[in-house]
Amino acid sequence: MSTSGKILNALKMNAKHADETIAMLKRQLSLLETEANSDRVQAFFETQKKELRKENEVLRQKVECLKKQLEKAEMRNGLKIVPLPCVKEEIVPVKPNQVPAAVQVSEKPATIKDEKPAAPKKKAGKKGKTGANSNVTAGESVGEKVDVSRLDLRVGKIIKVQKHPDADTLYLEEIDVGEEKPRTVVSGLVKHIPIEKMQDRFVMTLCNLKPAKMRGVFSQAMVMCASSPELVEILDPPSGSVPGDKVVCEGYPGTPDEQLNPKKKIFEKIQPDLHTDGDGVAKYKGSPFVVVGKEGYFKSQTMKNSGIK
């Protein structure tokens, strides 16, 4: 074979290798473009999911806030609180050309079989359980938190006191609790505390009980006292307290009810855990009552290890 023939064959071989190399590079480029497009699509859907989760959480919080406002309004009007179905968040799987969506569904979808006729109303005056083996009081939501944070406790000052005109054992008081007008309070303290020791005295006042008529007078609060069958003493606030100071219990944060629902007996459930300790300090389950920013505790003068009510 001549020299020119060898050169021609070499050029053909080089051209063939070049074509194969170019074809391989094209395939690799195509794969890279496909992967890049896939990553962008996936990133888009991930971004959309995050945004929708955020929007869903904001809506959930708004719904929870509205539910609480509705429950408070129902409680103020004496309506029975019916617990709503438990809901959970379900994320719909992402499919091609489909935007992901976050929806809320009920734990148990309603069906025709689930529908039951409304139960007949029970006669008024009967107290007790809602069923033979039920421990839930009528009107109480399942899992409802019941602790001292539900009580609206404030420092009050007795600015006027007199004996109740129709009851020898009751005082009729006007107490400043930091509001525009003082509250009228009826207290059964005549047998335990002289009237001169009631005037201008600072006290711990429970302010979110439903007003109750006592011998013809509506009592709008309650003076908290260390109590036993033989003796009752008013709890003295920390030094420097002023009318309207909020009383809190260490370790029990929370917002008090606007008004305690008498049907739920919230205070009656909390009261057994109110007591004074060996130093006369007022406590709930071992945690002392305090006024934020003031030194000292609420104390009884002599009554130690006693109940509070």
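This is a predicted model: local features need pLDDT of at least 70, side-chain atom pairs count only at pLDDT 80 or more; totals for chains, interfaces and linings use all residues.
View 1. Five strands make up an open sheet here, and reading across it you get β5-β4-β3-β6-β9. The pairing is antiparallel. Look to the edges for β5 (183-187) and β9 (222-223): each has a single partner strand, so one side of each is left without a neighbour in the sheet. As a quick reminder, strands of a sheet pair through backbone hydrogen bonds, either parallel or antiparallel.

**View 2. Zooming in on β4 and β5.** Strand β4 covers residues 171-176 and runs antiparallel to β5, with 5 bridges joining the two. For a handy landmark, find glutamate 174: across from it, in β5, stands threonine 184.

**View 3. Aspartate 200 and its positive phi.** Now for the loop between β5 and β6 (202-206), where aspartate 200 lies. Its phi is near 60 degrees, a positive value in a residue other than glycine. That's worth a look, because most residues other than glycine have a negative phi. Aspartate 200 is partly exposed, and its relative accessible area comes to 44%.

View 4. Arginine 215 isn't a glycine, yet its phi is positive, at about 55 degrees. Is arginine 215 buried or exposed? With a relative accessible area of 55%, arginine 215 counts as exposed, because the cut-off for that label is over 50%.

How values were computed: Residues are numbered from 1 along each chain as its sequence is written. Side-chain values use heavy atoms; hydrogens and water are left out. Two strands pair if DSSP finds at least two bridges between them. Helices (H or I, at least four residues) and strands (E, at least two) are DSSP runs, numbered from the N terminus. Buried means under 20% relative accessible area, exposed over 50%, partly exposed in between (1.4 Å probe, protein chains only).
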